[in-house]
Amino acid sequence: MWIDFLSALALVFVFEGLMPFASPVRWKRMLFKIIQQDNRVLRVMGFFSMLAGVILLTLVHQFFE
């Protein structure tokens, strides 16, 4: 269980680091645009991101275990 959790956390760090490593200027512009968004928009984006993650995780566990 802990190995799976830490592996998933490590992958999050890898994916989070891809954009600033590959293109720091574009990453800064994107962050500036995100900061200017309304809180409601960010909340909806966060909800759909979590929903997509839960659906993907469910599909992976259902079909590949």
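## The largest pocket

On a 1 Å grid over the protein atoms alone, a pocket is an open set of points where a 1.4 Å probe fits, with protein on both sides within 12 Å along at least five of seven lines, and its lining residues have an atom within 4 Å of a point. In this predicted model, local features need pLDDT of at least 70 and side-chain atom pairs pLDDT 80 or more, whereas totals for chains, interfaces and linings use all residues. Residues are numbered from 1 along each chain, and side-chain values use heavy atoms, without hydrogens or water.

The largest pocket holds about 160 Å³ of space, and its lining consists of Ala 8, Gly 53, Leu 56, Leu 57 and Val 60. Helix 3 (residues 39-63) supplies the largest share of this lining, 4 residues.

## Packing of helices 1 and 2

Helix 1 (residues 2-22) packs against helix 2 (residues 24-36) at an angle of about 115°, their axes lying 5 Å apart. Because angles of 65 to 115 degrees count as roughly perpendicular, the two helices are therefore roughly perpendicular to each other. The contact (heavy atoms within 4.5 Å) involves Met 19, Pro 20, Phe 21 and Ala 22 of helix 1, together with Pro 24, Arg 26, Trp 27 and Met 30 of helix 2.

## Aromatic pairs

Where ring centres within 6.5 Å define a pair and planes over 60 degrees apart count as edge-to-face, the count comes to 2 aromatic pairs. One of them joins Trp 2 and Phe 5 edge-to-face, at 6.0 Å centre to centre with 85° between the planes.

Conventions
Points joined across faces, edges and corners; volume = space filled by probe spheres on them. Axes fitted to C-alpha atoms, helices over the stretch in contact; angles between N-to-C directions. Parallel < 35°, antiparallel > 145°, perpendicular 65-115°, else oblique. Phe/Tyr/Trp six-rings, centres within 6.5 Å; stacked < 30°, edge-to-face > 60°.
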